[in-house]
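Hi there,

Here is the structure I promised to pass on. Have it open while you read, and my notes on what turned up in it follow below.

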Amino acid sequence: MDGAQHGHSCADYTDPVHQLLTVGEPNGYDPAKWPDYAAEFGIGHEQVGALIRLACAPALQRGASDSSEVWAPMHAWRALGQLRAEAAVAPLLALAKVIEWDEAADQELPVVFGMIGPAAIPHIATFLANRENPESPVATAISGLSEIVARHPDRRGECIGILVRTLEPHDHTNRTINGFAVSALIDLRAVEAIDSIRDAFRRNVVDLTIAGDAEDVEIGLGLRDHRATPKPHYAILPADWSPSPGVDRIQPDMYGLPKREKKVGRNEPCPCGSGKKYKKCCLQ
């Protein structure tokens with residue numbers, strides 16, 4: 001189904017942005033292999049508005065998998081990252097809610113936020129402060145903070161503070177989101193946050209399948225060498241769970257995202273059942 005059938009026309013875009021509709025499927029997610037969109041396509045800051053519209057076009061996000069246009073939003077958000085376009089942060093966070101559990105968005109939007117840099121931090125903080133946002137886009141935003149710190153170590157304290165506030169008691173506690181926050185704090189080697197982390201575990205508001213329990217976290221932060229208690233069983237699925245008759249695996253089109261294969265996200269529990277995040281287990 002093409003864009004016009006969704007009330008969206010590819011003719012809405014002019015060159016140089018229009019060229020992104022013909023580039024086609026990218027060669028993986030590695031940022032080192034992203035094209036230089038300014039050099040190759042002549043895209044500059046004057047195209048930021050058009051790039052935001054292209055990146056967030058739902059008709060293209062759900063287009064036919066064999067079309068080149070379906071990949072244009074990815075090229076657009078990559079270009080926005082390279083341009084360090086602060087104006088794109090809020091729209092891309094909103095996009096993450098529309099296409100949650102999309103593997104490309106899970107992998108690349110945090111990198112885009114990292115490229116945009118410190119200017120993205122207030123937008124991400126506001127997004128995380130809204131406790132009603134769903135888990136997947138929140139995980140994307142949290143990963144964005146880690147990507148920003150990787151490029152701007154001087155903003156580490158600010159980003160750690162945002163993650164710690166996520167763990168504070170509130171009316172809409174989400175154990176999975178708290179697990180993502182704890183995992184990010186481990187990635188940032190945030191030893192200074194250990195009291196807040198321990199408190200969250202004492203309140204039983206952290207999903208143990210994300211980064212383990214408090215002792216696992218302490219080991220991850222270098223605060224202990226080994227466990228003092230037996231490792232708990234991190235149940236991923238109920239013991240009596242079984243798929244519906246005739247269904248032996250999760251189908252990508254269950255999520256309304258036919259163009260890209262549904263894969264395990266970096267920040268999701270590893271399917272091997274270890275209890276660790278995928279990126280800290282079998283993805284390595």
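**Helices α5 and α7**

Let's start with a contact: Val89, Ala90, Leu93 and Lys97 in α5 meet His123, Ile124 and Phe127 in α7, where contact means heavy atoms within 4.5 Å. Sorted by class, this contact of α5 with α7 has five nonpolar, one polar and one charged residues. For the classes, Ala, Val, Leu, Ile, Met, Phe, Trp, Tyr, Cys and Pro count as nonpolar, Asp, Glu, Lys and Arg as charged, and the others, Gly among them, as polar.

Before going further, a word on where this comes from. It is a predicted model, so local features need pLDDT of at least 70 and side-chain atom pairs count only at pLDDT 80 or more, while totals for chains, interfaces and linings use all residues. Residues are numbered from 1 along each chain as its sequence is written, and side-chain values use heavy atoms, with hydrogens and water left out.

Two packed helices are described by the angle between their axes and the distance between the axes. For α5 (residues 89-98) and α7 (residues 121-129), the axes come within 9 Å and cross at roughly 35°. The axes are lines fitted to C-alpha atoms, for helices over the stretch in contact, and angles run from 0 to 180 degrees between N-to-C directions. The crossing of α5 past α7 is right-handed; a crossing is left-handed if the near helix is turned anticlockwise from the far one by less than a right angle, and right-handed if clockwise.

Take a look at alanine 90, which sits in helix α5. Its relative accessibility is 40%, so alanine 90 counts as partly exposed.

**The whole chain**

How many helices and strands does the protein chain have? There are 13 helices and zero strands. Both are DSSP runs numbered from the N terminus: helices are H or I with at least four residues, strands are E with at least two. Of the 284 residues in the protein chain, 48% count as buried. Among contacts with a separation of 6 or more, 69% come from residues 24 or more positions apart.

**Helices α4 and α6**

Here is another pair. The axes of α4 (residues 72-82) and α6 (residues 103-116) come within 7 Å and cross at roughly 20°. That is why α4 and α6 are roughly parallel to each other: angles under 35 degrees count as roughly parallel, over 145 as roughly antiparallel, 65 to 115 as roughly perpendicular and the rest as oblique. The crossing of α4 past α6 is left-handed. On the α4 side, Met74, Trp77, Arg78, Leu80, Gly81 and Gln82 take part, and they meet Ala104, Ala105, Glu108, Leu109, Val112, Met115 and Ile116 in α6. By class, that contact of α4 with α6 has nine nonpolar, two polar and two charged residues.

**Helix α11 and its two sides**

Which residues of helix α11 (residues 194-202) are buried? They are Ile194, Ile197, Ala200 and Phe201. These residues cover an arc of only 125° around the axis, which puts them on the same side of α11; the arc is that of the directions from the helix axis to the C-beta atoms. The face turned away from the buried side of α11 carries the exposed residues Asp195 and Arg202. The cover over the buried residues of α11 includes α9 (156-167), α10 (175-187), α12 (208-211) and α13 (214-220).

Glutamate 215 belongs to α13. With a relative accessible area of 12%, glutamate 215 is buried. Leaving out residues up to four places away in sequence, glutamate 215 touches Arg224, Arg227, Ala228 and Thr229.

**Backbone details to look up**

- Arginine 84 is not a glycine, yet has a positive phi of about 55°. It is found in the loop between α4 and α5, and is exposed at a relative accessible area of 60%.
- Arginine 189, in the loop between α10 and α11, has a positive phi near 55°. At 46% relative accessibility, arginine 189 counts as partly exposed.
- A cis peptide bond joins aspartate 15 and proline 16, with omega about 10°. Proline 16 lies in the segment before α1 (37-41).

Happy browsing!

Definitions and conventions:
Buried < 20%, exposed > 50% of the residue type's maximum accessible area, 1.4 Å probe, protein only.
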